[in-house]
Amino acid sequence: MNITNNKIISNYYYITDKYLAGLVLKGWEVKNLKIYNSIDIKNSYIINIKNEIFLKNSIINDNKKNNNDSKRNRKLLLKKNEIKIILNKIKNFKIIPFNIFLKKNIIKINIVVVIKKMNF
């Protein structure tokens, strides 16, 4: 089941590589994603903090209370060799989330390595 897509990617970027990762989320974030599909990944991107990969600037809206934790960095779960490849590519390319979906009741994210299209 697809939760959200980043529709901007196909218009402005060429996709070179695609990776599948898990997300480390809190309980209220999982509930809001499964029930309300309330996440915004349009302006989010992938960063490196101490040789770990994080999703930055994604917003999960909390419907019941005003929470300061809605815009925190979320850790991505990848294999060691994938992390090494992505850490090398972060220096030269832009890495952004493509879509978030449910796979066997687990929330997964597709991240893509992109190159910007030339505008003439």
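A salt bridge is counted here when a side-chain nitrogen of Lys or Arg lies within 4 Å of a carboxyl oxygen of Asp or Glu. By that criterion there are four salt bridges in this predicted model, and the tour begins with several of them.

**Stop 1: the Glu29 network**

Select Glu29, Arg72 and Arg74, which are linked in a network of salt bridges. The closest N and O atoms of Glu29 and Arg72 are 2.7 Å apart. Glu29 belongs to helix H2 (residues 27-36) and Arg72 to the loop between strand S6 (59-60) and S7, so this pair ties together parts that are 43 residues apart in sequence. Both Glu29 and Arg72 are buried.

For the pair Glu29 and Arg74, the closest N and O atoms are 2.9 Å apart. Because Glu29 is in helix H2 and Arg74 in strand S7, the bridge ties together parts that are 45 residues apart in sequence.

**Stop 2**

When neighbours within four places in sequence are left aside, the residues in contact with Arg74 include Leu23, Val24, Leu25, Ile53, Phe54, Leu55, Ile60 and Asp69.

**Stop 2: from helix H3 to strand S2**

Move to Lys89 and Asp17, whose side chains form a salt bridge with an N to O distance of 1.9 Å. Lys89 sits in helix H3 and Asp17 in strand S2, so the pair ties together parts that are 72 residues apart in sequence. Lys89 is buried, at 19% relative accessible area, whereas Asp17 is partly exposed, at 25%.

**Stop 4**

In soluble globular proteins, nonpolar side chains tend to be buried together. The largest nonpolar core of this model has 24 residues, and Leu23, Ile53, Leu76, Ile100, Ile109 and Ile111 are those with the most contacts inside it. Colour strand S2 (13-23), strand S5 (52-56), helix H3 (80-90), strand S8 (94-103) and S9, each of which supplies at least two residues of this core. S9 provides the largest share, four residues. Apart from this core lies another, of five residues, including Ile9, Tyr13, Val112 and Val114.

Now centre the view on Ile53. Beyond its neighbours within four places in sequence, Ile53 is in contact with residues among them Ile46, Ile47, Leu76, Leu78, Ile83, Ile86, Leu87 and Ile90. Arg74 and Lys75 also belong to that set of contacts.

**Stop 3**

With a relative accessible area of 77%, Lys50 is exposed.

Then select Asn105, in the loop between S8 and S9. Asn105 is likewise a residue other than glycine with a positive phi, near 70 degrees. Its relative accessible area is 57%, and Asn105 is therefore exposed.

**Stop 4: a nonpolar surface patch**

Finally, show the surface of Tyr14, Phe93 and Ile115, which make a nonpolar patch of about 290 Å². Ile115 lies in strand S9 (residues 106-116) and counts as partly exposed, at 37% relative accessibility.

Note on methods:
Residues numbered from 1 in each chain as written. Predicted model: local features only at pLDDT ≥ 70, side-chain atom pairs only at ≥ 80, totals over all residues. Heavy atoms only, no water. Patch = residues over 30% accessible without salt bridge, like charges linked within 9 Å, V, L, I, M, F, W, Y side chains within 5 Å. Areas by Shrake-Rupley, 256 points an atom, 1.4 Å probe, with all protein chains shown as cover. Buried < 20%, exposed > 50% of the residue type's maximum accessible area, 1.4 Å probe, protein only. Core = buried A, V, L, I, M, F, W, Y, C linked by side-chain atoms within 4.5 Å. Contact = heavy atoms within 4.5 Å.
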